[in-house]
Amino acid sequence: MQLQKETHPLSDSAFLSLLQARKTSFYCVAYGYVKNEEDAKDIVQEAVCKAYMAKDKLKETAKFYPWFYRILTNTAIAFLRQSSRTISWDEELLQLPSNEDTDCQDDKLWIHDSLKRLDAKSRTVIILKVYEGMKFFEIAQILNKPESTVKSMYYRGLQFLKERMQCNGT
């Protein structure tokens with residue numbers, strides 16, 4: 001959907017169309033935080049409710065996606081802070097296809113564990129950049145940070161992952 005620079009309030013139908021266009025991406029971002037299908041759906045639903053209640057405050061339709069991703073990531077981070085429940089590694093193993101070899105499963109577990117060890121901001125930047133294919137300027141809009149800060153968080157996170165790989169002899 002082509003976003004136009006509109007300054008009037010976002011209509012309900014336009015709001016729904018914008019959400020529909022990237023619903024899979026929204027789910028993937030939420031899932032990247034919680035690694036649980038139902039929790040990810042709940043986070044997206046809560047973010048949609050928050051965005052709908054505040055949609056009249058959005059000045060330009062062209063800024064919808066950065067605005068919504070910010071709401072989504074903040075909702076996911078708040079969920080993780082409030083949740084005392086930890087994700088069971090058994091749940092993770094059940095989600096891996098059974099025909100994959102052990103090395104591949106070990107790699108996926110290592111990646112999940114490593115991402116969990118990153119600070120929240122670096123993890124967010126890496127998830128949006130690597131898994132969602134976003135550009136640095138888009139992530140900067142979502143996080144409401146300068147692009148140079150986003151790049152620093154990204155490269156700091158990658159450096160952490162690289163050092164962790166070297167410690168494991170990988």
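Predicted model: local features only at pLDDT ≥ 70, side-chain atom pairs only at ≥ 80, totals over all residues.
Residues are numbered from 1 along each chain as its sequence is written, and side-chain values use heavy atoms, with hydrogens and water left out.

The secondary structure comes to nine helices and zero strands; here helices (H or I, at least four residues) and strands (E, at least two) are DSSP runs, numbered from the N terminus. Along the sequence the pattern reads α-α-α-α-α-α-α-α-α. Of the chain's 170 residues, 37% count as buried, where buried means under 20% relative accessible area, exposed over 50% and partly exposed in between (1.4 Å probe, protein chains only). As for contacts (heavy atoms within 4.5 Å), 63% of those between residues at least 6 apart in sequence join residues at least 24 apart.

Helix H1 (residues 12-21) has Phe15, Leu18 and Leu19 as its buried residues. They cover an arc of only 100° around the axis, which puts them on the same side of H1; the arc is that of the directions from the helix axis to the C-beta atoms. An α-helix has 3.6 residues a turn, so residues three or four places apart point the same way. The buried residues of H1 pack against H2, H3 and H4.

Next comes the pairing of H2 with H3. The axes of helix H2 (residues 23-34) and helix H3 (residues 37-54) come within 8 Å and cross at roughly 125°, with axes taken as lines fitted to C-alpha atoms, for helices over the stretch in contact, and angles running from 0 to 180 degrees between N-to-C directions. That makes H2 oblique to H3, given that angles under 35 degrees count as roughly parallel, over 145 as roughly antiparallel, 65 to 115 as roughly perpendicular and the rest as oblique. On the H2 side, the contact is made by Phe26, Tyr27, Ala30, Tyr31 and Val34, and on the H3 side by Glu37, Asp39, Ala40, Lys41, Ile43 and Val44. These residues divide into eight nonpolar, no polar and three charged (Ala, Val, Leu, Ile, Met, Phe, Trp, Tyr, Cys and Pro count as nonpolar, Asp, Glu, Lys and Arg as charged, and the others, Gly among them, as polar).

Between H2 and H3, the loop holds Lys35. Phi of Lys35 is near 55°, a positive value in a residue other than glycine. Most residues other than glycine have a negative phi. Lys35 is buried, with a relative accessible area of 12%.

Further along, helix H8 (residues 136-143) buries Phe136, Ile139, Ala140, Ile142 and Leu143. They span an arc of only 160° around the axis, which puts them on the same side of H8. The buried residues of H8 pack against helix H4 (64-82), helix H7 (120-131) and helix H9 (147-167). Thr124, in helix H7, is buried with a relative accessible area of 2%. Not counting residues up to four places away in sequence, Thr124 touches Tyr33, Thr73, Ile77 and Leu143.

At 61% relative accessibility, Asn144 counts as exposed, whereas Lys35 is buried.
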